[in-house]
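Here are some notes to read with the model open beside you. They start with a helix pair, then turn to charged side chains and the chain as a whole.

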Amino acid sequence: MNATQQEFLDDFSSLQDEFERYTYLTYLGNQLGLPDPSLKTDKFMVKGCQSETWLRLSCSHGRLSLEAYSDTLVVRGLLFILRESMQGMCLSDFSKNEFLLLYEQAGLSSLLAEEVVFRVFWTWLISRFSYHVILTCKVFAGRRLACCV
């Protein structure tokens with residue numbers, strides 16, 4: 001788990017109950033900010049999601065970058081955690097298991113257990129994101145290790 005993921009885990013762990021965790025998650029959703037208008041196109045829209053959600057993964061010099069937005073505040077909170085946790089991460093360091101573990105350890109699984117859609121969405125989002133990371137790794141495979149050492 002990287003330092004940013006650990007910070008999120010510490011923040012969620014310090015909260016007393018599910019209401020505080022939910023409030024913090026919506027606070028994080030507000031921190032995501034407004035997207036670049038070029039993000040909100042069909043090309044970057046997450047298909048099959050009830051909320052409108054857009055993701056754009058990019059890689060520069062072997063470092064990951066994510067632009068994301070959703071019309072749902074709770075989903076924006078999840079996207080904010082994902083974006084901040086992996087921003088600038090080296091391609092070779094990405095592990096979807098770390099993000100799934102963060103979700104469980106931060107208490108988001110119990111917080112959103114009644115909202116099964118969010119648990120499924122988080123798992124699906126990480127899987128989809130992992131797929132894009134793998135594709136990006138293939139594209140940048142020759143430069144990946146040199147820039148991440």
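1. Helix α1 passes helix α2 in a right-handed crossing; a crossing counts as right-handed if the near helix is turned clockwise from the far one by less than a right angle, and left-handed if anticlockwise. Helices here are DSSP runs of H or I with at least four residues, strands are runs of E with at least two, and both are numbered from the N terminus. Please keep in mind that this is a predicted model, where local features need pLDDT of at least 70, side-chain atom pairs count only at pLDDT 80 or more, and totals for chains, interfaces and linings use all residues. Residues are numbered from 1 along each chain as its sequence is written, and side-chain values use heavy atoms, with hydrogens and water left out.

2. How do the two axes lie? Those of α1 (residues 3–14) and α2 (residues 18–31) come within 9 Å and cross at roughly 140 degrees. That makes α1 oblique to α2, since angles under 35 degrees count as roughly parallel, over 145 as roughly antiparallel, 65 to 115 as roughly perpendicular and the rest as oblique. The axes are lines fitted to C-alpha atoms, for helices over the stretch in contact, with angles from 0 to 180 degrees between N-to-C directions.

3. Which residues meet there? From α1 come Phe8, Asp11 and Phe12, and from α2 Arg21, Tyr24, Leu25 and Leu28, where contact means heavy atoms within 4.5 Å. The set divides into five nonpolar, no polar and two charged residues. Tyr counts as nonpolar in this scheme, and Asp and Arg as charged.

4. Now for the charged pairs: a salt bridge is a side-chain nitrogen of Lys or Arg within 4 Å of a carboxyl oxygen of Asp or Glu, and the count comes to two. In one, Arg56 pairs with Glu67, with the closest N and O atoms 2.9 Å apart. Arg56 lies in strand β1 (residues 53–60) and Glu67 in strand β2 (residues 63–70), so the pair ties together parts 11 residues apart in sequence. Arg56 is buried at 16% relative accessible area, while Glu67 is partly exposed at 31%; buried means under 20%, exposed over 50%, and partly exposed in between (1.4 Å probe, protein chains only).

5. Arg83 and Glu84 also form a salt bridge, at 2.7 Å from N to O. Arg83 is buried at 18%, whereas Glu84 is partly exposed at 28%.

6. Finally, the whole chain: seven helices and two strands follow the pattern α-α-β-β-α-α-α-α-α. Of its 149 residues, 43% are buried.
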